[in-house]
Amino acid sequence: MGGGGLIVAAGGGEVLAASSKLASKNTPTPYTNMFRRPPVLMPFEEGVDDKGPFQRYRLTQKLGSASIVPGLTTTVAGYNGIFPGPTIKVNQGTRTEVRIANKLTVNRINGLPFSTVTHLHGSASLPQYDGYANDQTAPGHCKTYHYPNWQQARTLWYHDHNHRDTAQNVFSGLAAQYHLSDQYERAQLPQGEYDVPLVVSDMAFNADGSVAFDDSGNAGFMGDVILVNGVPWPTMKVKPRVYRFRVLAAGISRSFRFTLSTGDPVYVVGTDAGMTPKVAAVSSWRHGVAERYEILIDFRKYKAGTKVELKNLSNKNNTDFANTGKVMQFQVVEETGAKDTYVIPTTLDLGPQPYANRGAIEVNKLTADMAVARRRLRVERKHGLWTVNGETWEDVEDSGFTRVLGNPKPYDVEIWELVNESGGWFHPLHIHLIDAQIIGRNTTADGKAHPWERGGKDVFYLGENETVTALMQFTTGDGNEGGRYMTHCHNLVHEDNDMMIQFAVGDAKVNDPVSSDKPVPDSDDEMPSTYGASYPLGT
């Protein structure tokens, strides 16, 4: 890859990094492109049945042409052919079906058949709809995913999870946000025009505008162009009001440390699992791959014409280029309507915990004395392999997918110690199904979570030699008897190189994630005639 190569980081880590091979006339300049929001996907059918409200959606995974760099087009593989894919917005308690058809053929990055798996990250889905890495939808096939949406309001995202190809598939464009709303979130946080998704990623380009990617080092990949919603370093015009931004790091390996150029604070009002009980004012925050942070920025203090940058201070063992310290720019414009009287809250009311009558406890109210078990997960490089507790996904496959880390009962509370023993590497560790509270960090002065991560989490930033203590409950919800779920590193190159294991909740043999609801051949003029027993929609 021209301009790129193997970078040996200070702590001993290695990562492939690439500066783009674009001619100067085709090289994007920060803050010259206008910000855009991904479109919102509308349901093709909705109604109410004996189980409550439902909505049905259709998505097609296909190639599309994107104008990302000046004067050239870039082929992306995206949901409905765009990157990011369309945002899905759903109210709590409205069950959804999302029919996803795979009209891709060959992945242009690796030359392999473009099989896909879709994971709705942050959803307490049944195992067969959770995006299990081996539940593959081959080209020319489709699968209808069922999502219960009973959880409290939060920012989720859907992305590819195909075994050994996740990094290439997400890098090609298979990523988008999914917003779950409830009455408490709507009453306390900005909505509509002032509720803005930010899908942040990094990319590198070949001279013809095609994406440049190489994970041959099995370590990671970082590009030199920062994209926000698929636009390089955009400028967004904002009114002198309070805006809410749903920030998702959707790249492959790069972590960020976001800050405003003015030095003013941002207000963290949400983490992976939704609103935080207390609002944290921070001058910067560390953000790993797949983490979601909802922040408020108050633009009322700036005069019209003021330009404010969202910058990236970066973190240890990232590979940085000339402009990767920039993310996007805000340009304040005149207010044409009524003055914004929104009061930035100091606390938030998250509302009641769904399924409290079954023993479910709101994640921020869990206490260590509720735990019935304690487990330790060690992530490390062992004999040239990325491992969790010395094991890889190949070990799980060799066991016939029966090997599990543990087998808690539904609604059990446990403490998991997540330990990074891989030296000069950082890992964003993702645990499917659960929301967890960080109750300990070995690298903070007080041994507690960082101020910005004091809410429900499902991705845990494990910096170099860091240990995180996470308190979680295995809340399955209505109609979910349990089954097997994955946990893995969300540096997607590490995941593809087998840094993934699984656990089971309840009966490990139910809801088989590969055989319970297999993808079927796709037909444009036919909709699925049968629906999953757990979340039937309509008749």
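The following questions and answers go through parts of this predicted model.

Residues are numbered from 1 along each chain as its sequence is written, and side-chain values use heavy atoms, leaving out hydrogens and water. Because the model is predicted, local features need pLDDT of at least 70 and side-chain atom pairs count only at pLDDT 80 or more, while totals for chains, interfaces and linings use all residues.

Colleague: Which residue in S16 is the bridge partner of Val228?

Modeller: Strand S15 covers residues 225-228. S15 and S16 pair in the antiparallel sense over 2 bridges. In S16, the bridge partner of Val228 is Val231.

Colleague: Is Arg154 buried or exposed?

Modeller: Arg154 lies in strand S11, residues 154-160. Buried means under 20% relative accessible area, exposed over 50%, and partly exposed in between, with a 1.4 Å probe and protein chains only. At 1% relative accessibility, Arg154 counts as buried.

Colleague: Which backbone oxygen, besides that of Gly122, lies 3.4 Å from a polar atom of the Arg154 side chain?

Modeller: A polar contact is a pair of N or O atoms within 3.5 Å; within protein, one must be able to donate a hydrogen and the other to accept it, and residues adjacent in sequence count only if both atoms are side-chain atoms. The side chain of Arg154 reaches the backbone oxygen of Gly122 at 3.4 Å. The other backbone oxygen, also at 3.4 Å, belongs to Ala273.

Colleague: Which residues touch the most other members of the largest nonpolar core?

Modeller: A nonpolar core is a set of buried Ala, Val, Leu, Ile, Met, Phe, Trp, Tyr and Cys residues joined through side-chain atoms within 4.5 Å. The largest core has 66 residues. Those touching the most other members are Phe245 and Phe330.

Colleague: What separates the C-alpha atoms of Ala436 and Val15?

Modeller: Ala436 is in strand S30, residues 435-441, and counts as buried at 0% relative accessibility. Val15 is 421 residues away along the chain, and the C-alpha atoms are separated by 30 Å.

Methods:
Pairing = 2+ DSSP bridges. Helix = DSSP H or I, 4+ residues; strand = E, 2+ residues; numbered from the N terminus.
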